Amino acid sequence: MRFHQVAALVFGIASIAAAQTTAPWSYQGKTGPLDWGKLDPAYKACSQGHEQSPIDIRGAHLNKALQPIEFHYISGPVKLENTGNTVRVYVDPGSYIVYDGVRYDLQQFHFHHPSEEAVKGKLTDMVVHMVHKSADGRMAVIAVRFTMDRGDANAAMAALWPHLPTRTGETEKVEDMINPGGFLPADRGYWTYTGSLTAPPCTEGVRWFVFEDVLSVSRSQLRAFTAIFPMNSRPLQDAHGRRIEANE
Ligand SMILES: [Zn+2]
């Protein structure tokens, strides 16, 4: 057997194994967001949960007792993966945040177009979600929104975009030093609430931080992403009276 045949066989087995663990899902049509809950018993929270994300951020309560998020992000090589629903950027261990005395390690970050979270009903062109997990399994996600209204390119995105994997399942290693902090605004004012992962299995108990400041993305940067993912955002979910707090 030639190498490519072995590779095809191994890849085939891996695909079957993946298909057995979770059902495929998408952002449109029969496997779209309205049906995620029916696709797999593991996705039940998507349709039955009452603390789902994203939500429309409005009516936030100012709480000056909220702690600032401490960032300890470091530069390093990254690996990009086209999951079929977004581009996920995996970082080496070592980047983390501290919030309320708990350390949450940065696991990966990824992008959505348009932004999933709305503020007073308004979406922006794009959002990055920085996904963190604590040692005891608690999740914290930071959302930073982007707009192309100002036209300027984002420098951190400029370093990654030449490496965007265009086909599902494709990965690419970037050996340049990438600092995830390049996706953070200088002003760290945030809204926070309790929600879920915005994609199956829609797991709840996620602490969300949505930064108030909006960064700039250029038209060509946005186009490079939408050429691969024309639309990869979950619609807004019912807040069910959840309390949203602002730290400033
Ligand atoms: Zn996301």
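Phenylalanine 183 is buried, with a relative accessible area of 0%. The model described here is predicted. Phenylalanine 109 is likewise buried, its relative accessible area being 0%. Phe109 and Phe183 belong to one aromatic cluster, together with Phe111, Trp161, Phe225 and Phe229.

Aromatic pairs were counted across the model, and the count comes to 15. One of them joins tyrosine 99 and tyrosine 190 in an edge-to-face arrangement, with 6.4 Å from centre to centre and 80° between the planes. Tyrosine 99 belongs to strand β6 (residues 96-99) and tyrosine 190 to strand β12 (residues 190-196), so this pair ties together parts that lie 91 residues apart in sequence. Both tyrosine 99 and tyrosine 190 are buried. A tilted pair is formed by phenylalanine 109 and phenylalanine 183, whose ring centres are 5.2 Å apart and whose planes make an angle of 50°. Because phenylalanine 109 is in strand β7 and phenylalanine 183 is in the loop between β11 (171-178) and β12, the pair links parts separated by 74 residues in sequence. A ring also takes part in a contact of another kind: arginine 103 lies over the face of tyrosine 96, at 3.7 Å from the ring centre.

Histidine 110 is part of strand β7 and histidine 129 part of strand β9, so the two tie together parts that are 19 residues apart in sequence. Histidine 129 is buried, with a relative accessible area of 1%. Histidine 110 has a relative accessibility of 11% and therefore also counts as buried, since the cut-off for burial is under 20%.

Helix α5 comprises residues 219-226, and within it Gln221, Leu222 and Phe225 are buried. These residues are on the same side of α5, because they cover an arc of only 100° around the axis. An α-helix has 3.6 residues a turn, so residues three or four places apart point the same way. Ser220 and Arg223, on the other side of α5, are exposed. The buried residues of α5 are covered by elements that include strands β5 (87-91), β7 (102-112) and β9 (126-134) and helix α4 (155-160). Phe225, one of the buried residues of α5, is also a member of the aromatic cluster that contains Phe109 and Phe183.

Terms used:
Residues are numbered from 1 along each chain as its sequence is written. This is a predicted model: local features need pLDDT of at least 70, side-chain atom pairs count only at pLDDT 80 or more; totals for chains, interfaces and linings use all residues. Side-chain values use heavy atoms; hydrogens and water are left out. Buried means under 20% relative accessible area, exposed over 50%, partly exposed in between (1.4 Å probe, protein chains only). Helices (H or I, at least four residues) and strands (E, at least two) are DSSP runs, numbered from the N terminus. The arc is that of the directions from the helix axis to the C-beta atoms. Contact means heavy atoms within 4.5 Å. Rings of Phe, Tyr and Trp (its six-membered ring) pair if their centres lie within 6.5 Å; planes under 30 degrees apart count as stacked, over 60 as edge-to-face and the rest as tilted. A charge sits over a ring if NZ of Lys or CZ of Arg is within 6 Å of the ring centre and within 35 degrees of the ring normal.
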